[in-house]
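Trainee: Could you take me through the helix packing in this model in detail? I would also like to hear what surrounds the ligand.

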Amino acid sequence: MSFIDATDVTKTFGKNHVLNKVNFHLESGSQCVIKGASGSGKSTFLYIVGGLERLNGGNIFVGDHDLSKMNDDQLARYRNEAVGFVFQFHFLLSSLTNLENILLPARLGKKKVNEVESYITGLAKRLGVEECLEKYPYEISGGQQQRINLIRALSLKPALLLCDEPTGNLDSANSEVVTELLLELSEKQGTTLLVVTHDEEVSRHFDRVYHMVDGVLS
Ligand code: ADP
Ligand code: MG
């Protein structure tokens, strides 16, 4: 059964037709990548799946959430409870340490912070950013911030993990580590994983590759 079920999804910004009848289906616990050039509509589609952007036409279901019918509060709850987001551009708060940034979703969700913290430390070791945890975002590199972002998105083991150019700021060795970690965690934890990228190095790790060209998915 599909976990993500998108039928004829369209999105326009003014006269700009960004998504043109996108059909997309992804089974629970599986992984796929959408590859496409810059401006083709990848981020817009990812934001719609993650409940950050609304569609203009068509339908999209994620699990039993009918995204086109949900109000803003329902979408916010859906994002908090079900979705981990790795954004292309980092959203780390500069007044908090990296660890505190990572722990924000756990605190907001009233989760057991101790349990989350040991999981986080393991991920940080694996990604080579353990020594960054007590520092502030401005004290670490863009590539390290990217990995801190990833750990934050993974911290609550979301049912759905959405990644927008997750390796955008990383060198090829770290890109490989991040991509392999995403796939491994998805397989181990049954997380449904959707990545969008223009990067061939990322997409070649995936069995399922879709292509986005000018808002048309194939
Ligand atoms: P990609 O992620 O593939 O680079 P995007 O989804 O970011 O592509 O953008 C696709 C098109 O939609 C571009 O023409 C972009 O300018 C436009 N677009 C994206 N977001 C907005 C927005 N919030 N307002 C207006 N136009 C937008
Ligand atoms: Mg984009």
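Mentor: Start with the contact between helices H4 and H6, where Tyr119, Leu123 and Arg126 of H4 meet Val177, Leu181, Glu184, Leu185 and Gln189 of H6. Bear in mind that the model is predicted. H4 covers residues 113-126, and its axis runs 11 Å from that of H6, at an angle of about 145°. By residue type, this contact of H4 with H6 holds five nonpolar residues, one polar residue and two charged ones.

H6 has another helix to consider, H5. On the H5 side the contact is made by Arg147, Leu150 and Leu154, and on the H6 side by Asn174, Val178, Leu181, Leu182 and Leu185. Six of the residues in this contact of H5 with H6 are nonpolar, one is polar and one is charged. Leu181 and Leu185 of H6 take part in the contact with H4 and also in the contact with H5.

Now the ligand. The shell around ligand 1 includes Phe13, Asn16 and Val18, together with the run Ala37, Ser38, Gly39, Ser40, Gly41, Lys42, Ser43 and Thr44. Strand E2 (16-27) and helix H1 (42-49) each provide at least two of the shell residues, and H1 gives the largest share, with three. In type, the shell is made up of three nonpolar residues, seven polar ones and one charged one.

Polar contacts to ligand 1 come from both backbone and side chains. A polar backbone atom of Ser40 is 3.2 Å from an oxygen atom of the ligand. For Lys42, an N or O atom of the side chain lies 2.8 Å from a ligand oxygen. Thr44 places a polar side-chain atom 2.6 Å from an oxygen atom of ligand 1. Taken on its own, ligand 1 has 560 Å² of accessible area, and the protein covers 58% of that.

Key. Residues numbered from 1 in each chain as written. Chains lettered and ligands numbered in written order. Predicted model: local features only at pLDDT ≥ 70, side-chain atom pairs only at ≥ 80, totals over all residues. Heavy atoms only, no water. Near = heavy atom within 4 Å. Polar contact = N/O pair within 3.5 Å; in protein donor to acceptor, adjacent residues only side chain to side chain. Areas by Shrake-Rupley, 256 points an atom, 1.4 Å probe, with all protein chains shown as cover. Helix = DSSP H or I, 4+ residues; strand = E, 2+ residues; numbered from the N terminus. Nonpolar A, V, L, I, M, F, W, Y, C, P; charged D, E, K, R; others polar. Contact = heavy atoms within 4.5 Å. Axes fitted to C-alpha atoms, helices over the stretch in contact; angles between N-to-C directions.
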